Amino acid sequence: MKNILVLCTGNSCRSQMAHGFLNKTLADKAQVYSAGIETHGLNPGAVAAMARAGIDITGHTSNHVDEYQGINWDYIITVCDHAYENCPFIAAPNAKRLHHNFYDPSKFVGSEEDTMAAFDKARDEIRDYVSAFAADHF
């Protein structure tokens, strides 16, 4: 089993969605963790968007990156520029580090319908990224 860490600023939205898709896609091949450089709790919009895709992330927790010290990482994936630029040093000499800045739907301001569409758009981009990641690395 490979160890994958997904990092975002608050571990509330984009990293949680990636975590959910990685769990579904690589359940028998990887142990997936997600964390933030801060913790903001689960974003209800992200939870709802994932539920619409058939993935339940209600059991996820918002964790700080420091909680996972000592894990031998195979992959560290940052999903926002802020985390990529501000993440503390993670001792993982053998980890492949990947970065993709996904749009943050939690910053969207608009109608309920438009907000749902913003979360779904980010979710679908993350789903496609995870699918490509799994095809390339597993």
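Where is the place of His40?

Modeller: His40 is in the loop between β2 and α2, the latter being residues 44-52. Helices (H or I, at least four residues) and strands (E, at least two) are DSSP runs, numbered from the N terminus. Keep in mind that this is a predicted model, where local features need pLDDT of at least 70 and side-chain atom pairs count only at pLDDT 80 or more, while totals for chains, interfaces and linings use all residues. Residues are numbered from 1 along each chain as its sequence is written, and side-chain values use heavy atoms, with hydrogens and water left out.

Now, who sits around His40? Its side chain makes a polar contact with the side chain of Glu38, at 2.6 Å (a pair of N or O atoms within 3.5 Å, one able to donate a hydrogen and the other to accept it; residues adjacent in sequence count only if both atoms are side-chain atoms). Setting aside neighbours within four places in sequence, His40 is in contact (heavy atoms within 4.5 Å) with Thr9, Gly10, Ser12 and Ser62. Take Ser12: it is 28 residues away from His40 in sequence, yet their C-alpha atoms are 5.7 Å apart in space.

β2 belongs to an open sheet of four strands, ordered β2-β1-β3-β4 and paired in parallel (strands pair if DSSP finds at least two bridges between them). From one strand to the next, the twist averages 20°. The partner of β2 is β1, residues 2-8, joined to it by seven bridges; for instance, Val6 is bridged to Ser34 in β2. α1 packs on the sheet, touching β1 and β2, and its direction makes about 175° with that of β2.

Step forward instead and you get to α2, which packs against α4 at about 65°, with axes 9 Å apart. α2 and α4 are therefore roughly perpendicular to each other. On the α2 side, Gly45, Ala46, Ala49, Met50 and Arg52 make the contact, and on the α4 side Met116, Phe119, Asp120 and Arg123 do.

α4 (residues 112-137) also packs with α1 (residues 14-25), at about 45° and again with axes 9 Å apart. That makes α1 and α4 oblique, therefore. Among the residues meeting here are Phe21 and Leu22 in α1 and Phe119 and Ile126 in α4.

For the angles, axes are lines fitted to C-alpha atoms, for helices over the stretch in contact, and angles run from 0 to 180 degrees between N-to-C directions. Under 35 degrees counts as roughly parallel, over 145 as roughly antiparallel, 65 to 115 as roughly perpendicular and the rest as oblique.
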